[in-house]
Amino acid sequence: MIDKLKKIFEQSLAGILITIGTIIVVAFLHWLGAFDALELKLYDYRFHSVRGPLTGWAARDSSFIKLGTDIVLVDVDDEAWRLMPEQWPYPRGTIWANVVRNLSQAGARVIAFDVQFDAPEAKSEYFKGYAADLRKQGFEVPVPEHGDELFGAAIAEAIANGTKIVINAKMATEPSRFPPQYISMPVEALLRGNPETGLINDFLDEDGFARRYSLAGYLDHEPNRAYLTLGLKCVKVFEGIADSVVPVHDFKNHLWRYGPKTINVLSRSNTFLTNYYGPASGYKLRESKIPKWGTFPHYSLAYIIDTEEITLRDPMEDIDWMDQFLPGKTPEWITAIEDSAERQEMMEVMGLGGDFDITQSPFYDKIVLIGVSVETVHDVKSTPFYNYLGIPQLMPGVETHANAIQTMLHNNYISVLGNRLVDVLGFGFPASHFWLITLICFLTFITIAFVNPVIAGILVLIEAILYFSIACGFFVADQFWLVKMMFSKLLPTSFVQNNPDWFSIGLPGIGESMMLPIALPIAAFALTYTSNVIYKFLNEQKDKKFLKNTFGTYISPELIDQMYEDKKEPKLGGDVGYHTAFFSDIQSFSSFSEVLEPKKMVSLMNEYLTEMTTVLLNRQGTLDKYIGDSIVAFYGSPMPVENHEYQACMTALEMEQELAVLRAKWDSEEGWPEIVHNMQHRIGLGSGNIVTGNMGSTMRMNYTMMGDTVNIASRLESSAKQYGVYIQVMDATQKAVADQFEWRFLDYVRVKGKSVPVKVYELLAEKGKIDPALAATVEAFHAAQRLYLDQDWKKAIKAFREAEAMEDMFPGRNTNPSAIYIPRCEHMKNNPPGKDWDGTWTLTSK
């Protein structure tokens, strides 16, 4: 019973740790933005499939329909493209000037242009140049007044009439210009009319959708000057905010304060989420009698210009439509009514004649936004209503401004948990998102802990759907929206239509929409469930792996995996390949056993071998075996390792560093003798042809290595003590990585048991990281060594003694390379090797 409870506790603890790991993984993926793309699509889903339009004929009954909108759209649409008396781009003196005058006389409070006028009118410029050429030839030619001047005069006239004018500007960048960033303003003739200007630069998400709206732009060389956008400028003049008012960005509270306006912006930005009121106003379903959506009142530019003075291209449609909203004007279609009584009645209905009422104008006291939606110009955007009713619907760029302006005028901002839906601009995510992940992960873990994986999967799915419903419910301010939608689909249509109050999904009021992340929590549900189920599965399979675990104590894990994958028993044999052999051994290990009791000895060796093996495996080494305190390993088999010579050298250096850490640790602990505080180990490395494979008997085998290179590497490890060095490397290894490390050439030596000499080196440090004192010592050593090889024994002895004085004789180091050459020089002096001597020295012991 106790064992069973212990196992349950261990499994629960493991499940908690797995859940914590999942939280970290999900948070890290969220920080990387792994869920952002899906999160944005689910953001859109709440607009086009859950809430729907707030205004227009398709909107359900809501406070917004009663509240109305403050914006009217005037559009260069297909109808205008067909009917306008002049071709695009329309002349400013005859078209745009009259548009401004007509709208101003019709009572518009603000007229804003999402049409650029940053270059002089081409037609007027042409006539101006043509007239100049004729005058040069002696002809007196009258020059018509420039279109820009006429347009500027119309702007000034409208402003004098009480209508505010806002013309767009654009932030531009030209790398060859200094400064490269600048504001592309309207032409000077228009600015003389004293209009406001506002930026129209798009602010699109990574998928190209327009969800956010920028309040201002900042030039790199003017970081403290805010250039307000077109939308905010419209709000400014509409609400009468003084020019002296300066916008203030309250980063701490995620607010943008501008006079009486307080705008909820996203974290670390000057943007807010546009609360789109519906799909594109002028969009009409193809091959359908359903009218245009009418999110905002929408008029073709042809209607605005259609007065008694202007003739449209199609006489049948030239009805002087705009005259009905202009004082002192009567539309031609009304004057054409023959019956005088009927004509008078129609004039009274339209508010014309002596009792003309400008408040009946659709433009009265409105912000009139003028833009272009005709396909030829391509000024369209993808918005959250792009897939409304499953039909792709692009929105004219001017209407994105309209939605943003209306959001600001109504203060109808979307609240966002943590003030950030996705990882905007790489600033990570709010703490509230982390706590949401934590709550969901532990809720999922608790579900899995008490039921089997199948039932847990069903329950977790229900939890995920419930969260999805709640998140969407916060956006539409109706937590029963999913239930209503499901029953409206399942129940008979007649029953649903007869009880609309039961099944109609509510719409949020002003500022009641709230966005909660969806993709992130769903991922937390899924990953927590998956990770815990996998753990359960693996834990249940533990007993079935008894055979594998048993064999694993005798043969390598790689061989076990191969045996299971191929369903074959291991066989004897080996392959020849170019690899690097590794040997290490603790200096004076026998002395440790003399001063340490067995338990302390085992504890010491376990800690030492654990840390050294970790370094070895991290550098892609294959552990062959432990022989007491020795480590035998190799690189490049059974799996190929690129730059295995480099990996072996880095292993040796990192083991030196790790041993220094262990020495410091042991020194700080009580109970360890001095010999432990000064522990050193020696390492030998050699590269060449090595046989690796399964070797042993048919009853027991091991994946190991053999060959001449192996023997040399082993000799280098043992002979390192004769030189007083701790990492000795053969020439084949050194040549492969000579430029990547600092070396000391030790000797041209014939190791014991070998007839062919090899050049051996001491590995000191990575390139450029050698201690200056050690570098000076090595330089002095090499200078003495050159005298030694030149058989100038007297000078060599003197030089080696000078080098010896520079050697670092730290505790535990019994000799050094400079010291061992002094008696050798004495010997050579008394027994000259002859002129043919190649510098070889034969070691007489291991």
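**Backbone geometry, strand pairing and confidence in the predicted model**

N194 is found in the loop between helix 8 (188-191) and strand 5, and in this predicted model its phi is near 65°, a positive value in a residue other than glycine. N194 is exposed, with a relative accessible area of 59%. A positive phi of about 65° also occurs at Q620, again not a glycine, which is placed in the loop between helix 23 (598-618) and strand 20 (622-627); with a relative accessibility of 42%, Q620 counts as partly exposed. Most residues other than glycine have a negative phi, and most peptide bonds are trans. P89 lies in the loop between helix 4 (78-83) and helix 5 (92-105), whereas P179 is located in the loop between strand 3 and strand 4 (181-184).

Strand 3 (residues 164-173) runs parallel to strand 5 and is joined to it by four bridges, with A169 having L199 of strand 5 as its bridge partner. Strand 5 (residues 196-199) is covered on both faces, E196 and G198 being buried on one side and T197 and L199 on the other.

On the surface, L13, I16, L17, I20 and I24 form a nonpolar patch whose accessible area together is about 430 Å². Of these residues, I20 is placed in helix 1 (residues 2-32) and counts as partly exposed at 37% relative accessibility.

The chain averages a pLDDT of 84, and 87% of the residues score at least 70. Over residues 550-556, however, the pLDDT is below 50, and this stretch has nine contacts beyond near neighbours in sequence. Where pLDDT is low, the predicted coordinates should not be read in detail.

Notes. Residues are numbered from 1 along each chain as its sequence is written. This is a predicted model: local features need pLDDT of at least 70, side-chain atom pairs count only at pLDDT 80 or more; totals for chains, interfaces and linings use all residues. Side-chain values use heavy atoms; hydrogens and water are left out. Patches are made of residues with over 30% relative accessible area and no salt bridge: like charges are joined within 9 Å, nonpolar side chains (Val, Leu, Ile, Met, Phe, Trp, Tyr) within 5 Å. Accessible areas come from the Shrake-Rupley method with a 1.4 Å probe; for residues, only the protein chains shown count as cover. A salt bridge is a side-chain nitrogen of Lys or Arg within 4 Å of a carboxyl oxygen of Asp or Glu. Helices (H or I, at least four residues) and strands (E, at least two) are DSSP runs, numbered from the N terminus. Buried means under 20% relative accessible area, exposed over 50%, partly exposed in between (1.4 Å probe, protein chains only). pLDDT is the predictor's confidence in each residue, from 0 to 100. Contact means heavy atoms within 4.5 Å. Two strands pair if DSSP finds at least two bridges between them.
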